[in-house]
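Please keep the sequence and the 3D view at hand.

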Amino acid sequence: METKPATHSPPLTLRRAIDLFETKLRADGRSPHTVSSYLRDLGQMERFFADRSVCPAVSGITPEALNDFFTSPLATRTPGGRPKAKISVNRAKCALRAFFSWLYANGHIKTNLAAGLKITRTERKPPTYLTEAEAKRLLKTIQTRSGGTARRDAAIFDLFLKTGIRLQELVNLDVDDIRLDEKRLIVRHSKGDRQAAKFLNTALRQTMKRYLAERKKAPTGSPALFLSNRNERISPRQIAFRLEYWLRESGINKKLSPHGLRHTFATSLFSKCNDLLVVQRALDHKNLETTQIYTHISDERFQEALECL
């Protein structure tokens, strides 16, 4: 009986493995920010091996080689030569952990090389947020302006401040996701394919009702709830730019990203209910430890109040 000679697949190169891992991340619904962050850190590892004129197949990477990478300037220094922050080094270790765990689970390597990478504990800094007075001033400044752009922005930032929605989740909203009669909106999570409902209080329903009347006038077939001036789905960058603009117009001298409005929502909610479980549910945090940071903010306010006695 004639048999065919055995064929062997060529070794999986590091570049090919990174490309396959990227496809896996996107298929799993990981956020664009997570994907780009992982690829940036994996790209530094690839560059490290390329600079040494040795870019091995993934099966040829050793624990010693990974240790050499994490002690190299690529992993420890910024492009300007300054030491990298611990959080940046930890992020790179998380990326490599995920990458090599995936390689191991799929049989591309015999041992999980990055399983022993230790994450350095870092003290989380309290997030930047708006005080209640500043949040009211921001909304009032926008609401007193006329024009379609101002009405759109009023709806955007009111949603941030009254629901704690994530930036990408807000960008992804469609008109049909607003259910005024049900007092809720439907959110498609940026960190996966799950959906959730967020409560719309009376004031926010009024804001959205006014905006939807304006939105229906837009000459576009796009389902997007929020549109750019070109009548296309608004981008995260455009929202960040509009926030900077309105902060200046409101006289609020704070460097704040749209995610800072999510922190503002959480801070305000915790100050009113003093219940971390409520805040955890509102923010859709899987781990209560993530929500714990808002107790530190409460402590700061408590100390400020005592200083005033």
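Are Phe99 and Phe100 buried or exposed? Both Phe99 and Phe100 are buried. Buried means under 20% relative accessible area, exposed means over 50%, and partly exposed lies in between, with a 1.4 Å probe and protein chains only. This is a predicted model, where local features need pLDDT of at least 70, side-chain atom pairs count only at pLDDT 80 or more, and totals for chains, interfaces and linings use all residues. Residues are numbered from 1 along each chain as its sequence is written, and side-chain values use heavy atoms, with hydrogens and water left out.

## Aromatic pairs

A pair of aromatic rings is described by the distance of the centres and the angle of the planes. Rings of Phe, Tyr and Trp (its six-membered ring) pair if their centres lie within 6.5 Å; planes under 30 degrees apart count as stacked, over 60 as edge-to-face and the rest as tilted. The count by this rule is 11 aromatic pairs. Phe21 and Trp102 form a tilted pair, with 5.6 Å between centres and 50° between planes. This pair links distant parts of the chain: Phe21 sits in helix α1 (residues 14-27) and Trp102 in helix α5 (residues 86-105), 81 residues apart. Phe21 is buried at 3% relative accessibility. Trp102 is buried too, at 14% relative accessible area. Phe99 and Phe100 make an edge-to-face pair, 5.2 Å centre to centre with 70° between the planes. Ring pairs join Phe21, Tyr38, Phe99, Phe100 and Trp102 into a cluster.

Helices (H or I, at least four residues) and strands (E, at least two) are DSSP runs, numbered from the N terminus. Helix α10 covers residues 236-250, which is 15 residues. The helix reaches 21 Å from its first C-alpha to its last, close to the 21 Å expected at 1.5 Å a residue. That expected span is 1.5 Å times one less than the number of residues. Ile239, Arg242, Leu243, Trp246, Leu247 and Ser250 are the buried residues of α10. They lie on the same side of α10 because they cover an arc of only 140° around the axis. The arc is taken from the directions from the helix axis to the C-beta atoms. On the face turned away from the buried side, α10 carries the exposed residues Arg237, Phe241 and Arg248. Just after α10, Gly251 takes a positive phi of about 70°.

Helix α3 (residues 63-70) has buried residues Ala65, Leu66, Phe69 and Phe70. They cover an arc of only 135° around the axis, so they lie on the same side of α3. The buried residues of α3 pack against α2 (32-51), α4 (73-76) and α5. Contact here means heavy atoms within 4.5 Å.

| Side chain | Partner side chain | Polar contact |
|---|---|---|
| Asp174 | Arg233 | 2.7 Å |
| Asp158 | Lys162 | 2.4 Å |

Asp174 lies in the loop between α8 (167-171) and β1 (178-179). Asp174 is buried, at 17% relative accessible area. Leaving out residues up to four places away in sequence, Asp174 touches Arg188, Pro223, Ala224, Leu225 and Arg233.

Asp158 belongs to helix α7 (residues 148-163). Asp158 is buried, at 1% relative accessible area. With residues up to four places away in sequence set aside, Asp158 touches Leu139, Ala203, Leu204 and Thr207.

Lys183 has a positive phi of about 60° although it is not a glycine. Lys183 lies in the loop between β1 and β2 (184-188). Lys183 is partly exposed, at 41% relative accessible area. Asn231, also not a glycine, has a positive phi near 60°. Asn231 is in the loop between α9 (202-215) and α10. Asn231 counts as partly exposed, at 28% relative accessibility.

## The whole chain

The protein has 14 helices and three strands. Of its 309 residues, 39% count as buried.

Key
A polar contact is a pair of N or O atoms within 3.5 Å; within protein, one must be able to donate a hydrogen and the other to accept it, and residues adjacent in sequence count only if both atoms are side-chain atoms.
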